[in-house]
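Colleague: I'd like to learn how to read a model like this one. Could you take me through some features?

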Amino acid sequence: MIFYSMIARTPSNRRTPLLSAITLLALAASGTILGCKSNQPAPSPVAAVPSTPAPRQPVTPPPAAKKHLYSAEADPKAEIASALKQASLEHKRVILDFGGDWCGDCQVLDIYFHQSPNLELLDKNFLLVHVDIGRFDKNLDIPEKYNIPLKKGVPALAVLDANGKLLYSQQAAEFGDMRYMYPTSVTDFLNRWKA
C-alpha cells in the first residue's frame, strides 16, 4: 500500500504532517501490519489516505487457548533426522514447520492441518516436524540451512524428500497471514507436494 503525503499549511506558512498516533493505530487495525513477523521496524507511512479501508476479517481467528506445538526443549536437528529415517521407510516426505506457540497464524495453520481432507493428506504423505524459532532468536541455523527467510514471518514451511533433499522452501511469507486464508490453501499445498 502506498501512502501519499498530505500536508497542511499553518498560518505561519510552515508545513505540518497530518499523521497522528490515532492514524497509525487505524493503519495497524486495517491490516497494514499483519502476520507473525519479527520485531523489525514496520515501514512508516508518510501520511494517512483520505479513506481507510475496512479491517480485514479473519477466516479463522487464532484460538484463545494456544496449543503447544513448538517445544523449546526439543532437539530439532535430531527430530528432522528421525523424521527423514521414518520417511524413507514409509515413502513419505517431511514438512518442516518453523514458528512459535505465540504465533496466531502458526496456530491457525495447525487447525487447518487437522481438518479433513488435510489431515488425511498429511497422515498419508508427510511427517511433520515443528521447529521452534523462539522469538526469532532460536534454532536460526536450521531455517538458514533450508533457505527460509524468517524475517518475512512465520509460519514458514519447507518440504524435504525422504533423502533430505529440499523440494520447497517458503520464500514470500505464503502462509504468514494464515488466519486470512482458507483451509483449501493448505489442501492445495499438500496435494502439490505429496509423495
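Modeller: Gladly. Helices (H or I, at least four residues) and strands (E, at least two) are DSSP runs, numbered from the N terminus. Asp123, for instance, lies in helix H4. This is a predicted model, in which local features need pLDDT of at least 70 and side-chain atom pairs count only at pLDDT 80 or more, while totals for chains, interfaces and linings use all residues. Residues are numbered from 1 along each chain as its sequence is written, and side-chain values use heavy atoms, with hydrogens and water left out.

Colleague: Is Asp123 buried or exposed, or in between?

Modeller: Buried means under 20% relative accessible area, exposed over 50%, and partly exposed in between (1.4 Å probe, protein chains only). Asp123 has 49% relative accessibility, so it counts as partly exposed. Its C-alpha atom is 9.3 Å from that of Lys92, 31 residues away along the chain.

Colleague: How do H4 and H6 lie relative to each other?

Modeller: Axes are lines fitted to C-alpha atoms, for helices over the stretch in contact, and angles run from 0 to 180 degrees between N-to-C directions. Angles under 35 degrees count as roughly parallel, over 145 as roughly antiparallel, 65 to 115 as roughly perpendicular and the rest as oblique. Here the axes of H4 (residues 118-125) and H6 (residues 183-193) come within 9 Å and cross at roughly 25 degrees, so the two helices are roughly parallel.

Colleague: Which residues make the contact between H4 and H6?

Modeller: Contact means heavy atoms within 4.5 Å. H4 contributes Asn118, Leu121 and Leu122, and H6 contributes Pro183, Val186, Thr187, Leu190 and Asn191.

Colleague: Where is Ala156, and what does it touch?

Modeller: Ala156 sits in strand E5 (residues 156-160) and, at 2% relative accessibility, counts as buried. Beyond neighbours within four places in sequence, Ala156 contacts Leu96, Asp97, Phe98, Ile148 and Gln170. Gln170 is 14 residues away in sequence, with 6.0 Å between the C-alpha atoms.

Colleague: And what is in the largest nonpolar core?

Modeller: In soluble globular proteins, nonpolar side chains tend to be buried together. A nonpolar core is a set of buried Ala, Val, Leu, Ile, Met, Phe, Trp, Tyr and Cys residues joined through side-chain atoms within 4.5 Å. The largest one here has 25 residues, and Ile80, Val94, Leu96, Phe98, Tyr146 and Val154 have the most contacts inside it. Helix H2 (76-90), strand E3 (93-99), strand E4 (126-132) and E5 each supply at least two of its residues, with H2 giving the most, 4 residues. A second, separate core of 17 residues includes Leu157, Met178, Phe189 and Trp193.
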